[in-house]
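What follows is a walk through one structure, from helix packing to a pocket and then to details of the backbone. The sequence and the model are shown first.

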Amino acid sequence: MITGAVADDGWRLGPPYDADIEELMQWFPNARSVDQWSGPRFRYPFTPQSFRHDCRLDEVHSFCLRDPDGAMCGFGQYYDRDDRGHLARLITHPQMRRRGIGKRLIRMLISAARTHSGHTRYSLFVYKDNGPAYRCYLSLGFVVQEYPDDAPLKGKCYFLTWEDDLPEA
């Protein structure tokens with residue numbers, strides 16, 4: 001089991017607990033919010049069992065980001081895709097957005113992927129109409145690439161990659 005990473009300023013990235021998953025489920029008020037986060041294959045409405053299954057919690061590296069007081073502020077996953085650490089299901093707490101938490105989450109996920117899986121190249125998908133997330137990824141140095149032929153949702157999402165050092169916070 002991956003234990004996660006700890007940032008110097010007290011923020012922690014670690015595996016989710018059952019209570020975290022229950023809280024995470026509350027962050028999605030409707031089917032559109034789930035689709036934008038996880039894609040059209042994620043069931044909504046969901047049950048605790050279907051949520052865990054559709055998140056693939058037992059199959060991919062899953063993490064919660066906690067602030068120095070222990071509050072869950074974000075969630076994200078990564079898995080191997082074409083020799084890259086592919087970031088997926090990235091989200092910050094709805095009441096904590098626009099505070100740099102998304103950038104912190106991505107930096108820490110990349111650090112965990114590098115430490116635990118040896119990845120040095122990363123990728124992610126983002127819906128074209130998710131402007132805040134798209135701008136966050138670009139600000140971190142992700143670059144739009146040609147969309148993979150084997151990936152669903154062509155025309156609806158961007159495919160972004162990152163291969164250099166992330167800028168400091």
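In this predicted model, helix 1 and helix 3 are roughly perpendicular to each other, because their packing angle is about 95 degrees and angles of 65 to 115 degrees are placed in that class. Helix 1 covers residues 18–25, helix 3 covers residues 48–55, and their axes are 11 Å apart. On the side of helix 1, the contact is made by Asp 18, Ile 21, Leu 24 and Met 25; helix 3 contributes Pro 48, Phe 51 and Arg 52. Sorted by class, this contact has five nonpolar and two charged residues, with no polar ones. An angle between axes and a distance between them are the two values used to describe a pair of packed helices.

The next topic is the largest pocket. Its volume is about 1,400 Å³, and 48 residues line it. Gln 36, Trp 37, Arg 89, Leu 90 and Phe 125 are the lining residues closest to the centre of the pocket. Several elements each supply at least two residues of the lining: helix 2 (31–38), helix 4 (101–117) and helix 5 (131–139), together with strand 4 (72–81), strand 5 (84–92) and strand 6 (122–127). Strand 5 gives the largest share, seven residues. By class, the lining of this pocket has 27 nonpolar, 10 polar and 11 charged residues.

Salt bridges come next, and the count for the model is 11. One of them joins the side chains of Arg 32 and Asp 129, at 2.6 Å from N to O. This pair links distant parts of the chain, since Arg 32 is in helix 2 and Asp 129 is in the loop between strand 6 and helix 5, 97 residues apart.

Two backbone details remain. Most peptide bonds are trans, and most residues other than glycine have a negative phi. Where does the model have a cis peptide bond? The bond from Tyr 44 to Pro 45 is cis, and its omega is near 0 degrees. Pro 45 belongs to the loop between helix 2 and helix 3. Asp 83, in the loop between strand 4 and strand 5, has a positive phi, near 60 degrees, although this residue is not glycine.

Technical notes:
Residues numbered from 1 in each chain as written. Predicted model: local features only at pLDDT ≥ 70, side-chain atom pairs only at ≥ 80, totals over all residues. Heavy atoms only, no water. Axes fitted to C-alpha atoms, helices over the stretch in contact; angles between N-to-C directions. Helix = DSSP H or I, 4+ residues; strand = E, 2+ residues; numbered from the N terminus. Parallel < 35°, antiparallel > 145°, perpendicular 65-115°, else oblique. Contact = heavy atoms within 4.5 Å. Nonpolar A, V, L, I, M, F, W, Y, C, P; charged D, E, K, R; others polar. 1 Å grid on protein atoms, 1.4 Å probe; cavity = no way out; pocket = protein on both sides within 12 Å on 5 of 7 lines; lining within 4 Å. Points joined across faces, edges and corners; volume = space filled by probe spheres on them. Salt bridge = Lys/Arg side-chain N within 4 Å of Asp/Glu carboxyl O.
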